[in-house]
Structures are given as C-alpha cells and as structure tokens.
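Colleague: I am new to this model. Please pick one part of it, look at that part closely, and then tell me how the rest is arranged around it.

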Amino acid sequence: MMSLNMLSRSVTRTALLSSKRLGPVSFFSNNDSHSDFAPQRKTISDDDEALKMIHEHVQTNHIMLYMKGNPSMPMCGFSATVVKILKDQGVDFSSVNVLDYPSIREGVKKYSEWPTIPQLYVGGEFIGGCDIITEMHKTGELADLLKPEKSDDKKE
C-alpha cells in the first residue's frame, strides 16, 4: 500500500516531469473545456413563452417541482424541505431550478397565482408550497395523492 508521503512525491515528480516536457502544469483549468460541454440553457424570450413552457412541464411530468436549486443541492430551506418530503415518499419527480430561469421564476407565480417558491404540481394540478406540502405529509394526505407514482421497490 502506498503511503501518503510516497503518493505526494509521486504526484510532485510526475508534475515536474510533465512541466519539463510540456511547460507549466495546471491541475485546475477553466478554459480547457470545449463549448460542447458547457451547460445548455434554453433562452426564454417573453412571459407567454414562459407560461407555455410551464404548462408543458406540468402536463408532461406527473410530479413537477419548481424550486430554488436542484434536488441534490437545494438553495433554500423551503425547497430542501419539499425535496426531503418527496424523497421520504419514495417518488420520482421532475424539477426546475428557478434561479437559472428568472422568467420561469416569475411565470410560475402567475401560472399558479401563488406568490412563493417552491411549488409542487401533481397530475397537472397545483398542490401548494412548502407549508401545504409539509402539512399534507404529516396528515398522510400527500402519500394518498402520490400513491400511484410510488416505485415498486419502495412500496411497503
């Protein structure tokens, strides 16, 4: 087994050898990547296009969550709470990070006539924000609503 000291010397030696052949070695670079690997984001030009896109999301995804951040890294406590509840329920869901799309962030508030984020839709219907989802989870109402969407391996 290689000790940490040996590993450190090995990496240093490799870096020195590389630098003599190729010039300075950079372990972290932000400009070596090709543009094909950059995140691709759709540009939304106006409110009508945003509302149309939201309607499409809500209709084509059985469980749709508009949130701040993403399920693996929520960017607010309310979004984190709803994600945790959905994961506890054992359901798959789709989500949109509204922080990446200001027009979707404002559009979803108009679409639902609800002023806050996160927003959860199930079966094309607006269910509510964090407080409503939390209460439904506590009473068991959310489990009943999501039951058809539970995956087979997570059923009790």
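**A close look at H3**

Modeller: The buried residues of H3 pack against strands S1 (63–67), S3 and S5 (119–122), and against helices H5 (130–139) and H6 (141–146). Helices here are DSSP runs of H or I with at least four residues, strands are runs of E with at least two, and both are numbered from the N terminus. Contact means heavy atoms within 4.5 Å. Buried stands for under 20% relative accessible area, exposed for over 50%, and partly exposed for what lies in between, with a 1.4 Å probe and protein chains only.

The model is predicted, so local features need pLDDT of at least 70 and side-chain atom pairs count only at pLDDT 80 or more, while totals for chains, interfaces and linings use all residues. Residues are numbered from 1 along each chain as its sequence is written, and side-chain values use heavy atoms, with hydrogens and water left out.

The buried residues of H3 are Ser 79, Val 82, Val 83, Ile 85, Leu 86 and Gln 89. Seen down the axis of H3, they fall within an arc of 160 degrees and so line one face of the helix; the arc is that of the directions from the helix axis to the C-beta atoms. An α-helix has 3.6 residues a turn, so residues three or four places apart point the same way. On the face of H3 turned away from the buried side are the exposed residues Gly 77 and Lys 84.

H3 covers residues 77–89, and its 13 residues should span 18 Å at 1.5 Å a residue; the end C-alpha atoms are 18 Å apart, which agrees. That expected span is 1.5 Å times one less than the number of residues. Just after H3, Gly 90 has a positive phi of about 75 degrees.

Strand S3 (residues 73–74), one of the elements packed against the buried residues of H3, contains Met 73. Met 73 is exposed, at 53% relative accessible area. Together with Met 75 and Leu 99, Met 73 makes a nonpolar surface patch of about 310 Å². Areas come from the Shrake-Rupley method with a 1.4 Å probe, and for residues only the protein chains shown count as cover. Patches take residues with over 30% relative accessible area and no salt bridge, joining like charges within 9 Å and nonpolar side chains (Val, Leu, Ile, Met, Phe, Trp, Tyr) within 5 Å. A salt bridge is a side-chain nitrogen of Lys or Arg within 4 Å of a carboxyl oxygen of Asp or Glu.

In H2, Ala 50, Met 53, Ile 54, His 57 and Val 58 are buried. They cover an arc of only 130 degrees around the axis, which puts them on the same side of H2. Asp 48, Lys 52 and Thr 60 are exposed on the other side of H2. The cover over the buried residues of H2 includes S1, strand S4 (94–97), helix H4 (102–112) and S5.

The loop between H4 and S5 holds Pro 118, which a cis peptide bond joins to Ile 117, with omega about 15 degrees. Glu 113 is in that loop too, with a positive phi near 55 degrees in a residue other than glycine. At 71% relative accessibility, Glu 113 counts as exposed.
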